[in-house]
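I opened this entry to keep track of what I looked up, in the order I looked it up.

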Amino acid sequence: MENQGCSCAPINEEDLYPKIEEIINQHRGNQNALIMVLHKAQNLFGYLPGRVQEMVSLGLGVPLSEVYGVATFYAFFSMVPKGRHEIKVCLGTACYVRGGQKIVEYLEKGLGVRVGDTTKDRRFSLNEVRCVGACSLAPAVLVNDDVYAQVDPAKVDEILVKYE
Amino acid sequence: MVTLTIDGQKVQVEEGTTILEAARKVNVRIPTLCYLPEVQAIGACRVCLVEVEGNRNLQPACVFPASEGLVVHTNNLRVRRARKFSVEMIVSDHPMDDCLTCPRNQKCELQKLADDLGIREVKFTGEKSGGQIDDLSPSIVRDQTKCILCRRCVTVCKEVQTVSAIYTQGRGFKTRVEPAFGRSLNDVSCTLCGQCILVCPVGAITEKENIEEVWHAIFDPSKFVVIQDAPAVRAALGEEFGYPPGTLVTGKMLAAVRRLGFNRVFDTNFAADLTIIEEGSELLKRIREGGVLPMITSCSPGWIKFIEHFYPDLLPHLSTCKSPHQMLGALTKTYYAEKAGIDPRDIVVVSVMPCTAKKFECSRPEMAGSGYRDVDYVITTRELAKMIRQAGIDFAGLENGYYDDPLGEYTGAATIFGATGGVMEAALRTACEVATGKTLENLDFQAVRGLDGIKEAVVPVDGIGNVKVAVAHGLGNARKIMERIKDGTADYHFIEIMCCPGGCVSGGGQPVPVNDEIRRLRAQALYQEDKNLKIRKSHENPSIKRIYEEFLGQPLGEKSHHLLHTKYTARGRF
Ligand code: SF4
Ligand code: SF4
Ligand code: SF4
Ligand code: FES
């Protein structure tokens, strides 16, 4: 399986701020544009840094508490940067019964993060998903778009080394 | 007008009236929780459900409009079951073991609701959504474990105060009401006004109590403990002891605090009179010397924190006068200490205030011009009531007490400081007479009284010309005036701003509940006291004349500058 990470230098977050500034400027003072602007910011940064939320608040004239309220309400916004690789452990019924939860615990311990978080080196983010339709392969783990079947803790280590 | 039937009784109401309001007309009180008159009707908690014939589902009475021919049932088995279910859901996520130790014990809407609906068991048990306790600010404690997510605080903070320090964060079981990024109120641009406390139906938002510290000072034989009270306190304290709103209890309050063991009882009103002299002189100086105008009052610390966060560029418009209780504290530890021969180090000044922001104010580093903290503790009206109850004092049975000299004498002008427009009216009484040397015929400036959000008046003053003034209360109205100053359309000389809607009579430290009717009644009590007082103009207060002769010298003089005036701090927007 190919490593999907690109070979270019990692994105420098600082370079993204002028871009989001420009987007905000297009909607200055327009409170109704909140979700749309947050969406663009999420796509740009991969998450919603605090500083970006403050810029959005000032730019659109929406109080910061409300920006954060909207950002934490919708599941597609995230408050932590996404890792270069996203691990998703399936916790649909079949996977759960066959040990999905154990894999989650093993990963949390091994990576030193909780579900929903990203490792300090931004290599992995860890998430749970509900049924990916691979019940016959339970328990299933996804890394980016790659599906791994009948995973157990021992197998997890083997899988992760492939992703830098 | 439309006619509808509620529980078999016909009732006529204006179109658009809600079923909830219509029901009151036929003496049916439908229970509510998230609904808050004048502030919020969102139909969220489903405690007010009623059966409306022709509708399959039960409907929330707080938002359902009355219409012609509607037939409503507010009390049948289906309605009872549904309301109970709504409350049982809330109760099952509530820390029920906490009632006995809760600051809202016996004054809690959830307790009352559970009792009114006859809830006798908790049907659903399981994990509770929990949450944190934020007690980092000097003024306010938020206990999320008790929050029932009614959003009343969110709405008052956003719509009335336009601060939006708090909002609903997250979703589902993990929904919380809190500032962005889970920060403490202490670390955001919250004004600590406590309006959210007044509207919270439960014990999820309360003042940070300083009762124990005050008891310790009282029982410390080495301490000389002085208490002072703001005018709004005497107009509301009675409500804590069963008196109807608007009952003035000055005499009983004074007797009570003496029994609590305070060594001296001074009156913040004395310093209110002093404020008029200092602030009035400052205004005249600015007008004559071309200083920054309009000048804005500075006695409301929630308002001060608001302008520091949201309009730091406009800080030069603020009068440099400290708020009256800070002035009185400073004078107690200098003028009075000297006179009485007491080491200021041994004096403890306690202020009873209608206000939670004043707890923050008294801890500001600059509030110690004499070398000692002006005020050591601020307690709210509610806390004073608690102390009186803790001491087992039978409030209703007390004889009238009195204030002590030399910081206890006050005028009618001072006492109306507690209502919106009062500072302005007091200032106008003095300005007109001092500037012209003539005696005013009519002391009542009706134009600046009442609950209109922004009030204006033009007062001709000999030697100056037409003085244009404005009065705003509630931070939403303050914001409107600030925007007008920014765009240059506020051509006033003097503006009074109070942080809390209605002024101090409905400050964040006052007894609950508060609504416009209660605001009006409390203000009326103060205007009545003003009317009954012999001296009604600050500059005629004999103790004020004396303190300038004996101690302060001139208004705006050297001593005043050190003890009575202050400076401000630009703070961050978030
Ligand atoms: S908020 Fe009300 S119900 Fe909850 S613990 Fe306090 S008094 Fe009891
Ligand atoms: S104290 Fe005032 S500003 Fe702060 S959260 Fe409560 S209502 Fe808002
Ligand atoms: S803190 Fe109080 S007012 Fe605010 S949502 Fe919770 S229960 Fe309602
Ligand atoms: S009071 Fe009507 S829904 Fe809450």
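I began with the interface: chain B and chain A bury about 1,300 Å² between them, 64% of it from carbon and sulfur atoms. Buried area here is the accessible area (1.4 Å probe) that two parts lose on being put together, summed over both. The contact draws 15 residues from chain B and 15 residues from chain A, where contact means heavy atoms within 4.5 Å.

I then looked for salt bridges (a side-chain nitrogen of Lys or Arg within 4 Å of a carboxyl oxygen of Asp or Glu). The count between chain B and chain A is one. B:Lys158 and A:Glu66 form a salt bridge through their side chains, at 3.0 Å from N to O.

Notes on the model itself. This is a predicted model, in which local features need pLDDT of at least 70, side-chain atom pairs count only at pLDDT 80 or more, and totals for chains, interfaces and linings use all residues. Residues are numbered from 1 along each chain as its sequence is written, chains are lettered from A and ligands numbered from 1 in the order in which they are written, and side-chain values use heavy atoms, with hydrogens and water left out. I noted ipTM 0.91 and pTM 0.90. For pLDDT, the predictor's confidence in each residue from 0 to 100, chain B has a mean of 96, with 100% of its residues at 70 or more. Chain A has a mean of 88, with 93% of its residues at 70 or more. Residues 1-9 of chain A stay under 50 in pLDDT, and the model gives them six contacts beyond four places in sequence.

Next I went through the ligands, taking as near any residue with a heavy atom within 4 Å. Around ligand 1 I listed residues including B:His94, B:Cys99, B:Cys102 and B:Cys108. Around ligand 2 I listed, among them, B:Cys157, B:Cys190, B:Cys193 and B:Cys196. Ligand 3 has 13 residues around it, of which B:Cys147, B:Cys150, B:Arg151, B:Cys153 and B:Cys200 come nearest.

Last, I checked B:Leu384. Beyond its neighbours within four places in sequence, B:Leu384 is in contact with B:Leu237, B:Met253, B:Val257, B:Leu260, B:Val352 and B:Ile379.
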